[in-house]
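Please open the model in a viewer and follow the selections below in order.

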Amino acid sequence: MALLTVVFVTGLIVATGLVTTCAFSTSLEQFRHAVADFDRRLGDIAPYLAVAGLFFVAKQATNGLSLRISRALGWDITDSLYELEGLFVADLQAAVPEPLIGFFSAMYMFGFPYLLVVPLVLYFVHASSRHLKGLLVAYVLNYAVGAVLYTLFIAYGPRNRVPRHVSGLMYDVYPETQTLTAAVSSNTDVFPSLHTSLAVVVALFAWRTRKTYPLWTYVSTITAAAVALSTMVLGIHWLTDVVAGLVLGTWSVVVATRVVETFEGESDAPSPLEDGEESVASELGD
């Protein structure tokens with residue numbers, strides 16, 4: 001029951017954020033055009049949706065196998081992470097005022113899924129489907145690399161490695177949230193931080209469409225930064241995990257852009273009249 005309650009609350013908050021963001025970032029004309037063109041647009045992105053869907057089904061089905069392989073390999077890098085950065089996370093926790101713990105908990109639990117869902121809708125109603133295609137590819141790349149690294153390396157977060165110095169603040173304040181996080185990931189899924197990498201992906205793609213969706217660009221960038229910071233403030237990830245997430249997120253945007261260019265050519269390239277500037281991913285990849 002606790003899990004269903006958390007899922008319901010999370011879904012309600014994310015849906016509210018989605019509707020609000022779309023209301024301030026898009027126009028009724030955009031949505032009318034998207035609805036009228038729904039079948040063609042859906043058919044255009046269908047191969048990317050199919051690949052993403054099959055990947056996530058396969059990933060979910062092999063979670064148990066991945067965990068067994070990881071335990072059999074036994075490559076625990078937790079002590080190496082601790083030796084590398086020491087009590088950085090503990091010092092960060094100590095520097096954050098207690099009233100902000102609720103804010104960072106909300107960013108981790110609700111801000112993250114909000115970031116993942118909103119661009120799917122914004123880019124579906126966008127004039128070019130290339131942004132949505134690239135985003136889907138980047139999502140798959142993030143989870144694919146994350147799955148491999150989580151299988152190869154066992155790593156426990158700061159709250160588990162140095163509990164005398166680092167507290168699991170979100171779980172202390174909102175213990176019911178642990179049921180949801182435990183349902184979707186293992187406590188050894190630490191290196192890299194996929195919360196960080198996926199937040200980076202969303203922020204970079206938002207900057208690609210900054211002329212069309214200026215409000216979303218700033219909202220997503222601020223939220224992404226808060227999500228990345230929350231992973232450390234709450235004692236879930238090491239600084240090293242966050243840095244690795246930044247690298248993974250940037251890399252996946254560059255590669256996703258190249259993949260879409262390879263399969264789509266220039267036929268679906270965003271018009272300069274739509275966004276006015278080259279994508280951040282293209283600039284990074286040059």
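Which residues form one aromatic cluster with Tyr143? Select Phe55 and Phe56, which complete that cluster. The model is predicted: local features need pLDDT of at least 70, side-chain atom pairs count only at pLDDT 80 or more, and totals for chains, interfaces and linings use all residues. Residues are numbered from 1 along each chain as its sequence is written, and side-chain values use heavy atoms, with hydrogens and water left out.

The structure holds 9 aromatic pairs (rings of Phe, Tyr and Trp, the last by its six-membered ring, with centres within 6.5 Å; planes under 30 degrees apart are stacked, over 60 edge-to-face, the rest tilted). Next, select Tyr114 and Trp216: their ring centres lie 5.9 Å apart with planes at 70°, so the pair is edge-to-face. Tyr114 belongs to helix H7 (residues 101-124) and Trp216 to helix H13 (residues 214-233), 102 residues apart. Helices are DSSP runs of H or I with at least four residues, numbered from the N terminus. Tyr114 is buried at 12% relative accessible area, and Trp216 is buried at 0% (buried is under 20%, exposed over 50%, partly exposed in between, with a 1.4 Å probe and protein chains only).

Move to Phe153 and Phe191, an edge-to-face pair with 6.4 Å centre to centre and 75° between the planes. Phe153 is partly exposed at 24%, whereas Phe191 is buried at 19%.

Finally, select helices H4 (residues 63-73) and H8 (residues 130-152), whose axes come within 7 Å and cross at roughly 40°. Axes are lines fitted to C-alpha atoms over the stretch in contact, with angles from 0 to 180 degrees between N-to-C directions.

Notes
Helices (H or I, at least four residues) and strands (E, at least two) are DSSP runs, numbered from the N terminus.
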